[in-house]
Amino acid sequence: EKDGHDWFMRKEIFEQPHAVADSLLGRRSRTGSLQLDEMRLSDQELRDIDKIIIIAAGTSFYAGLVAKYAIEHWCRIPVEVELSSEFRYRDPILDYSTLVVAISQSGETADTLQAIRHARTQRSKVLAICNTNGSTIPRESDAVIYTHAGPEIGVASTKGYTTQLVACYLLALYLAQVKGTRFGDEIDQIMGQLEQIPAAIESILARADEVYALAHEFAASTSFIFLGRHAGYPTALEGALKLKELAYLHAEGFAAGELKHGPIALIDDGLPVFCIVPPQGRDQLHDKMLSGIQEVRARGARTICLAEEGDARITPYADRLVRLPRVPVLLQPLVSVVPLQLFACELATALGHDVDQPRNLAKSVTVE
Ligand code: M6R
């Protein structure tokens, strides 16, 4: 049942090319426009939306953070992302023109369920992104985008996460199409880029051994830092969460630009720092990331850089280097998370932990 893998988690990491491809399947009509089967909200209802609030917990929350970059860039609709457990208690401003997007792999997370119930009492429309057909959250929502990851058994979410990212991109493109933004005309091109992702993930998985070697090399470290910028920031948070959950180690993700506002004080001789390097582009993201990496390195950190193929400028600053396939910056989270999943899985295994059933955790958290 684990297809020769030691853990369900590892099997599920390796299933991601398939899961991502399945989650993209059948979303384009003959004319090339996007169609989302269980959208159930009319174009007019969607055009009336002037604000989106994404609510989710844990890894699903990080998918929401990525979604904010895509939706705001492609659709020009303001997006807030909030932890479900916090949402209700701050008396959020909601009405019929607010779309609440609930992201939940299981569809049963109590914090998220209570949050959507609250949103509906305020007349907001609720759209669920969910992997579990017929679960409570999609049943209580106005619309659903199902991810097609197949059952996720490992407590740590992997293919659940990458397929949530796919659903978020699909939602963003759909809204761009309905609203007629300029990206509405680029749907074909962006869908084409998304369709390349399964092969890109495959190419990382083919080099899993390199990441496993790193996990063994750093197996004695008790603390890890993860740095990212822009869409790489949620990846940093997710990489740190995976390591906490599975290896029970201190791990923190930061926006690289925040370093100098405090966290840089943590940097000590030999501290491993994962750096998620954005693609080299016309903007300053890459330069800024590079200077953050230099700062931590100058203070003794050992940098493990995740950077795209062909990025030569990173080489002098990377104590260790994991190459990523070249993809556009907004889609990079789909590939950059994979080495971090492999790393956490392998490190936890090396430390003798039960990867599929980490201590104190349950697959779905059905209490608030
Ligand atoms: O089923 P959900 O997506 O609502 O679950 C949310 C979180 O509980 C979940 O992502 C949790 O953080 C995972 N253990 C992460 O690996």
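Glutamate 217 is partly exposed, with a relative accessible area of 35%. The classes I use are buried for under 20% relative accessible area, exposed for over 50%, and partly exposed in between, with a 1.4 Å probe and protein chains only. This is a predicted model, where local features need pLDDT of at least 70, side-chain atom pairs count only at pLDDT 80 or more, and totals for chains, interfaces and linings use all residues. Residues are numbered from 1 along each chain as its sequence is written, and side-chain values use heavy atoms, with hydrogens and water left out.

Back to glutamate 217. Its side chain meets that of arginine 320 in a salt bridge, 2.6 Å from N to O. A salt bridge here is a side-chain nitrogen of Lys or Arg within 4 Å of a carboxyl oxygen of Asp or Glu. This pair links distant parts of the chain, 103 residues apart: glutamate 217 is in helix H11 (residues 208–217), and arginine 320 is in strand S10 (residues 320–324). Helices (H or I, at least four residues) and strands (E, at least two) are DSSP runs, numbered from the N terminus. Arginine 320 is also partly exposed, at 34% relative accessible area.

How many salt bridges are there by this rule? The count comes to 23.

Next, lysine 51 and glutamate 80. They form a salt bridge in which the closest N and O atoms are 3.9 Å apart. Lysine 51 lies in strand S1 (residues 51–56) and glutamate 80 in strand S2 (residues 79–83), so the pair ties together parts that are 29 residues apart in sequence. Lysine 51 counts as buried at 17% relative accessibility, while glutamate 80 is partly exposed at 31%. Through shared partners, salt bridges join Lys51, Glu80, Glu82 and Arg90 into one network.

One more pair: the side chains of lysine 11 and glutamate 15 meet in a salt bridge, 3.1 Å from N to O. Is lysine 11 buried or exposed? Lysine 11 is buried, with a relative accessible area of 14%. Glutamate 15, at 21%, counts as partly exposed.

Now the ligand. There are 14 residues around it, and those that come nearest are Ser60, Ser104, Ser106, Thr109 and Glu245. A residue is near a molecule if one of its heavy atoms lies within 4 Å of it. Helix H4 (58–75) and helix H12 (232–247) are the elements that give two or more residues to the shell around the ligand. H4 supplies the largest share, three residues.

Which ligand atom lies 2.7 Å from a backbone N or O atom of glutamine 105? It is an oxygen atom. An oxygen atom of the ligand is also 2.7 Å from an N or O atom in the side chain of serine 106. At valine 155, a polar backbone atom is 3.2 Å from a nitrogen atom of the ligand. Taken alone, the ligand exposes 420 Å², and the protein buries 90% of that; these areas come from the Shrake-Rupley method with a 1.4 Å probe.

Last, leucine 340. This residue lies in helix H14 (residues 333–350) and counts as buried, at 2% relative accessibility.

Methods
Polar contact = N/O pair within 3.5 Å; in protein donor to acceptor, adjacent residues only side chain to side chain.
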